[in-house]
Every structure is written in C-alpha cells, then in structure tokens.
Amino acid sequence: MKPLAVAIMGPTASGKTAAALAIAREIPAEIISVDSALVYRGMDVGTAKPTADELASVPHHLIDIIDPTEAYSVAQFRDDTIRLVADISARGKLPLLVGGTMMYFKGLTDGLDDLPTADAEVRARIELEAARIGWPAMHDKLRALDPPTADRLAPNDAQRINRALEIIELSGRPMSELLAKREKTELPFDLLSFALEPSDRAVLHARIATRFDQMLGQRDDEGLVAEVAHLRARGDLDPTLPSMRCVGYRQAWDYLDGRISRPELRETGIIATRQLAKRQLTWLRSMPARVVIDCLSPNVATDILHAVLATRPRA
C-alpha cells in the first residue's frame, strides 16, 4: 500500500493553517507548505506566515527556503514534495500538504508540462507591446486567444501573461490545450484532497478585509508597510521580482513610492486579495478529485480528520 498524504487546499483566509494545526494536535503529522509566497525568507507579515509558536508546535517544510531575489519553480516544488512525503511517511507521520498555490497542486498531481522553452526575443517583443498598451490590454489579447488561461490570471500578472502569449507564438497552440494533453505521472503516494470553499462568499470577503487590516496595522512603522520598507532598504529588490509581485507587497511598494495613498493601499490590497481568492476557487473547481468542505463550518478539522481516519484507520 502506498503511503497516504492529505492535501488541504483553499482560497486565502479560508482557515487552512488552523485546520492543519488542529489535525496535527490529534495525530502525528508534519506540514508541507504549498504556498509560493511562504518560501521567501524575510516575508512574514504580508504572507500570513505561521507564527513562531505555530512553526514550533508542528514540523513545517518549504517555508523560508529561498531569498526574495530567487525563484522556486513548480518542478522544484514537485521534487521536494515527493521527497518530503517519503521522509515524513517513513517517520510514521501523516504528511499534510497545506496551501493555496494551485499551480503547485496541479503540477504535483498532473505532472510537469512539455511547454516550449523561453525565447528571449519573443518575450522582449511582448514586453515592448505591453509597454505601449499596458498589461490589462495584453490580458484581453490573451483572453481572445486562450480564454481558460486568461480566466485564471490577473490582468496585471505580467510574468504569466507574457509566458502564455509566448507559448502561443512559439507553439501555435494555447497553453490550456498543451496542459490538457500532458501525460499524467503517477505519484508514489496516495493523495486525499480536501478543498475549503465558502458557502457564503461575502463572509470570506469579510475575513480577507479583516486579515489585511491586521497585516497593515495602524502606522507605517509597523506591519506590512514596515516589512516592505525593510526589504526595499536591502537595495537588491525591485517590483518586477516574483517575490515583490505577491499580493500586498506590490501595493505596499506603490505606496512607498508615493503612487497611492494609504487608504488606496488598503483598498487595492483587499481588492487584489479578493481577486486572488476568486482565481483560487476557479482552480479548485477544475479539480474533480477533491472533497469539498465548507470553510465557514466550525468543524472543518474534525470533518477532515474523520475522513482521513476512515480512509486509513491507522493514520
């Protein structure tokens, strides 16, 4: 029998971390982060990174593993996760894959794609056009050519819009079609996937606003603004890096540059987080092999635990 791993997926502010920690208090478990922002060192406030006490209470993996100047690919995540699941299972514990970066989950379960490699000339040409008409207009162009890919990308997600348009130009086919045709690679473990989805989207939106306000704090010398100011002071970061394009960080960068006011920082940050949650839910709906649990229920962790024990009584 293959070892069992449990995925706890969901949009931002859906309570994934709290559910995982509650489960780990009941059965021996270790947490593998499935979050493309938590990999960065020094980015704690805006990523809602688990607290020091939470990190100490349960072993966590794939958190604080790279510098904000570095990149962490889906392929690296997949390799690391397969290795970690084997190690955790060998220790007699349950691996909990917890997070909201859906492209990591998709890459893990569906295997890696065979997309054309990057072409600097094509990318430069796309960037030149974007400089002229803007990335939202390029997003509209992508929507006309590849609607499924456009649906899961934000209008200002320059890196991924560029890549999707580059793939179309190089291959003559949309990215969504190429991804659908990739050969699925069987995992060396069984994955039981739970999706924390809200029965009332308005309540999730309220949670998002509350959490962003907590991140922001009352003054610029605390919370998210202070964190981004500290990162900027290093001198080796810029707003084009994937780390600084994370939700909240790019808005705080604009605020520190004087392009938006503090009220606009709050408004745009909350809107961007809601848009992220919407895209995450869109990804989740494309994953049929998932058990949906209302993230607004008070029994999320209990429901997951019962389902896990029903699948593997000795887990």
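This is a predicted model: local features need pLDDT of at least 70, side-chain atom pairs count only at pLDDT 80 or more; totals for chains, interfaces and linings use all residues.
User: What makes Lys-49 and Asp-44 a salt bridge?

Analyst: The cut-off is a side-chain nitrogen within 4 Å of a carboxyl oxygen. Here the N to O distance is 3.0 Å. The pair therefore meets the rule. In general, side chains of opposite charge can pair when their charged atoms come close.

User: Is Asp-44 buried, exposed or partly exposed, and what is the reason?

Analyst: Asp-44 has 37% relative accessibility, so Asp-44 counts as partly exposed. That class lies between 20% and 50%.

User: How many salt bridges does the structure hold?

Analyst: The structure holds 25 salt bridges. Another one pairs Asp-257 with Arg-232, at 3.1 Å from N to O.

User: What does the pair of Asp-257 and Arg-232 tie together?

Analyst: Asp-257 lies in the loop between helix 12 (249-256) and helix 13. Arg-232 lies in helix 11 (residues 223-233). The pair therefore ties together parts that are 25 residues apart in sequence.

User: Why are Asp-257 and Arg-232 called partly exposed?

Analyst: Asp-257 has a relative accessible area of 36%. Arg-232 has 25%. Both values fall between the 20% and 50% cut-offs, so both residues are partly exposed.

User: What makes Arg-259 exposed?

Analyst: Exposed means over 50%. Arg-259 has a relative accessible area of 52%, so Arg-259 is exposed. Arg-259 also forms a salt bridge with Asp-257, and their closest N and O atoms are 3.2 Å apart.

User: Which residues make up the network, and what joins them?

Analyst: The members are Arg-232, Asp-254, Asp-257 and Arg-259. Salt bridges that share partners join them into one network.

User: How many disulfides are there by the rule?

Analyst: The count comes to zero. A disulfide needs two cysteine sulfur atoms within 2.5 Å.

User: Why are Cys-246 and Cys-295 called buried?

Analyst: Cys-246 has a relative accessible area of 14%. Cys-295 has 3% relative accessibility. Both values are under 20%, so both residues are buried.

User: Which residues of helix 13 are buried?

Analyst: Among them are Leu-265, Gly-269, Ile-270, Trp-283 and Leu-284. Arg-279 and Gln-280 are also buried.

User: What makes helix 1 mostly covered?

Analyst: Helix 1 spans residues 16-24, and seven of its nine residues are buried. They include Lys-16, Ala-19 and Ile-23.

User: Why is strand 2 called largely enclosed?

Analyst: Five of the five residues of strand 2 (residues 29-33) are buried, so the strand is largely enclosed by the rest of the structure.

User: Which way do the residues of strand 2 point?

Analyst: Ala-29, Ile-31 and Ser-33 point one way. Glu-30 and Ile-32 point the other way. In a regular strand the side chains alternate between the two faces of the sheet.

User: How do you know that strand 2 pairs with strand 4 and strand 3?

Analyst: Pairing needs at least two bridges. Five bridges join strand 2 to strand 4, and the two run parallel. Glu-30 stands opposite Pro-95 in strand 4. Strand 2 and strand 3 pair over two bridges, also in the parallel sense. There Ile-32 stands opposite His-61.

User: What joins strand 1 to strand 4?

Analyst: Four bridges join strand 1 (residues 4-9) to strand 4 (residues 94-99). These strands run parallel. Val-6 stands opposite Leu-96.

User: What is the strand order of the sheet, and which strands are called edge strands?

Analyst: Six strands form an open sheet in the order 3-2-4-1-5-6, with parallel pairing. The edge strands are strand 3 (60-61) and strand 6 (291-294), and each pairs on one side only.

User: Which domains does the assignment give, and where do their centres lie relative to each other?

Analyst: The domain assignment gives domain 1 (4-112 + 185-311) and domain 2 (120-181). Their centres, taken over C-alpha atoms, are separated by 25 Å. The contact takes five residues from domain 1 and six residues from domain 2.

How values were computed: Residues are numbered from 1 along each chain as its sequence is written. Side-chain values use heavy atoms; hydrogens and water are left out. Buried means under 20% relative accessible area, exposed over 50%, partly exposed in between (1.4 Å probe, protein chains only). Domain bounds come from an automatic or database domain assignment. Contact means heavy atoms within 4.5 Å.
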